[in-house]
Amino acid sequence: MIINTTEVQAINSFSRLESLKEVYGTIWMLFPILILVLGITIGVLVIVWLERTISASIQQRIGPEYAGPLGILQALADGTKLLFKENLIPSRGDTYLFSIGPSIAVISILLSYLVIPFSSHLVLADLSIGVFLWIAISSIAPIGLLMSGYGSNNKYSFLGGLRAAAQSISYEIPLTLCVLSISLLSNSSSTVDIVEAQSKYGFWGWNLWRQPIGFIVFIISSLAECERLPFDLPEAEEELVAGYQTEYSGIKFGLFYVASYLNLLISSLFVTVLYLGGWNLSIPYIFISEFFEINQVGGVFGTTIGIFITLAKTFLFLFISITTRWTLPRLRMDQLLNLGWKFLLPISLGNLLLTTSSQLLSL
């Protein structure tokens with residue numbers, strides 16, 4: 001059988017073209033993920049700088065000022081320093097659990113960013129169970145902390161891991177009930193649908209006004225989930241040295257540090273999405289009626305405006321979280337558990353029953 005040379009060349013060129021298409025498709029699939037990771041990294045660096053600057057202002061002292069203009073490169077310098085530090089492993093600890101714990105904590109939080117809508121058409125995965133996917137994935141992070149505490153072969157570390165698990169279980173239940181109330185109001189568990197449901201009535205359509213009790217419970221529970229003061233019992237330095245991260249050094253210690261700020265950022269983004277209208281500007285008609293139409297702007301400009309509005313609302317809540325850290329004293333462990341089980345759980349359950357009743361009556 002004689003094969004024409006031209007046909008062979010055509011087949012080869014076709015196979016090359018198909019290979020190039022596959023490579024291009026893979027790159028195009030990974031590109032949004034890389035952009036999101038880059039944006040999250042920059043966001044964490046900004047949050048670290050903001051926290052140091054705001055805390056310095058609250059305590060009337062000088063904050064970071066030498067690394068870059070206004071000290072904005074201080075967090076990057078600290079991260080570079082941790083990269084080159086020696087990575088120590090306890091001789092009698094469980095090496096596998098000790099090494100994999102920080103990775104589980106970071107990866108479980110990073111996956112939660114998949115369902116965050118930064119603008120009307122800017123979300124990696126618009127899932128019908130978006131908010132509950134976040135709750136399910138965030139429940140994995142305390143397992144990493146418990147593994148780290150157990151693998152360190154240190155009583156302080158193990159106690160910190162146990163506290164992290166107990167705290168997470170105590171406050172995830174009220175948090176879930178608040179999210180369920182929002183899903184009932186919006187008739188959807190998709191983050192995009194929840195934001196669009198709030199856009200119908202502008203500023204007064206925010207779930208903040210329709211769910212004020214749920215909003216307060218959600219804020220308290222999210223601060224406890226992030227282990228921020230006054231809820232940082234798993235790493236209370238007066239009692240547990242540094243909790244589950246006592247034995248860590250180098251980049252593994254840096255991963256815990258990054259995980260705490262990633263968790264704070266994702267919680268602030270979900271407050272924006274669930275209660276503050278997401279990417280919508282939401283200016284009431286009575287103030288600037290013609291400017292209200294900016295929500296309907298499409299294209300690159302509309303997406304950019306949506307991202308800016310989302311981040312502005314997010315950093316407003318971050319400012320409140322940072323100020324709270326340097327204002328309130330730390331709770332005792334029994335006070336923390338009492339607040340979660342005896343107060344927030346009944347209040348969130350009652351809020352859910354009220355929301356369900358109002359939805360049934362409106363049918």
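**Notes on the predicted model**

1. Ser 267 counts as buried, at 3% relative accessibility; here buried means under 20% relative accessible area, exposed over 50%, and partly exposed in between, with a 1.4 Å probe and protein chains only. This serine lies in helix H11. Helices (H or I, at least four residues) and strands (E, at least two) are DSSP runs, numbered from the N terminus. Setting aside neighbours within four places in sequence, Ser 267 is in contact with Phe 218, Ser 222 and Cys 226, contact meaning heavy atoms within 4.5 Å.

2. The model is predicted, so local features need pLDDT of at least 70 and side-chain atom pairs count only at pLDDT 80 or more, while totals for chains, interfaces and linings use all residues. Residues are numbered from 1 along each chain as its sequence is written, and side-chain values use heavy atoms, with hydrogens and water left out.

3. On overall composition, the chain has 13 helices and 0 strands. Of its 363 residues, 44% are buried. Among contacts with a separation of 6 or more, 80% are between residues 24 or more positions apart. The chain exposes about 19,200 Å², and carbon and sulfur atoms supply 70% of that area; accessible areas come from the Shrake-Rupley method with a 1.4 Å probe, and for residues only the protein chains shown count as cover.

4. H11 is mostly covered, with 20 of its 26 residues buried. The helix is followed by Gly 277, whose phi is positive, near 85°.

5. Which residues have the most contacts inside the largest nonpolar core? They are Tyr 113, Trp 134, Phe 218, Phe 270 and Leu 274, in a core of 57 residues. A nonpolar core is a set of buried Ala, Val, Leu, Ile, Met, Phe, Trp, Tyr and Cys residues joined through side-chain atoms within 4.5 Å. H11 gives the most to this core, with 12 residues. Domain 1 (9-84) and domain 2 (94-362) both contribute residues, so the core lies between them; the domain bounds come from an automatic or database domain assignment.

6. Not counting residues up to four places away in sequence, Tyr 113 touches Leu 36, Ile 40, Leu 262, Leu 265, Ile 266 and Leu 269. Leu 110, in helix H3 (residues 95-111), is in contact with Ile 40 and Leu 262, leaving aside neighbours within four places in sequence. Leu 110 counts as partly exposed, at 32% relative accessibility. Leu 110 and Asn 263 are 153 residues apart in sequence and 8.6 Å apart in space, C-alpha to C-alpha.

7. Helix H6 (residues 155-186) holds Ser 168 and also Gly 160. Ser 168 counts as buried at 8% relative accessibility. Its contacts, not counting residues up to four places away in sequence, are Pro 142 and Glu 225. Gly 160 is buried, with a relative accessible area of 0%. The C-alpha atoms of Gly 160 and Leu 146, 14 residues apart along the chain, are separated by 7.9 Å.

8. Gln 60 has a phi near 55°, a positive value, and lies in the loop between helix H1 (5-58) and helix H2 (74-83). Gln 60 counts as exposed, at 75% relative accessibility. Glu 227 also has a positive phi, of about 60°, and is found in the loop between helix H9 (212-225) and helix H10 (237-240). Glu 227 is buried, with a relative accessible area of 13%.

9. Finally, Thr 327 lies in the loop between helix H12 (299-325) and helix H13 (333-361). Is this threonine buried or exposed? Thr 327 is exposed, with a relative accessible area of 53%. Its side chain reaches the backbone oxygen of Thr 323 at 2.4 Å. The C-alpha atoms of Thr 327 and Leu 229 are separated by 8.9 Å, although the two residues are 98 apart along the chain.

Conventions: Polar contact = N/O pair within 3.5 Å; in protein donor to acceptor, adjacent residues only side chain to side chain.
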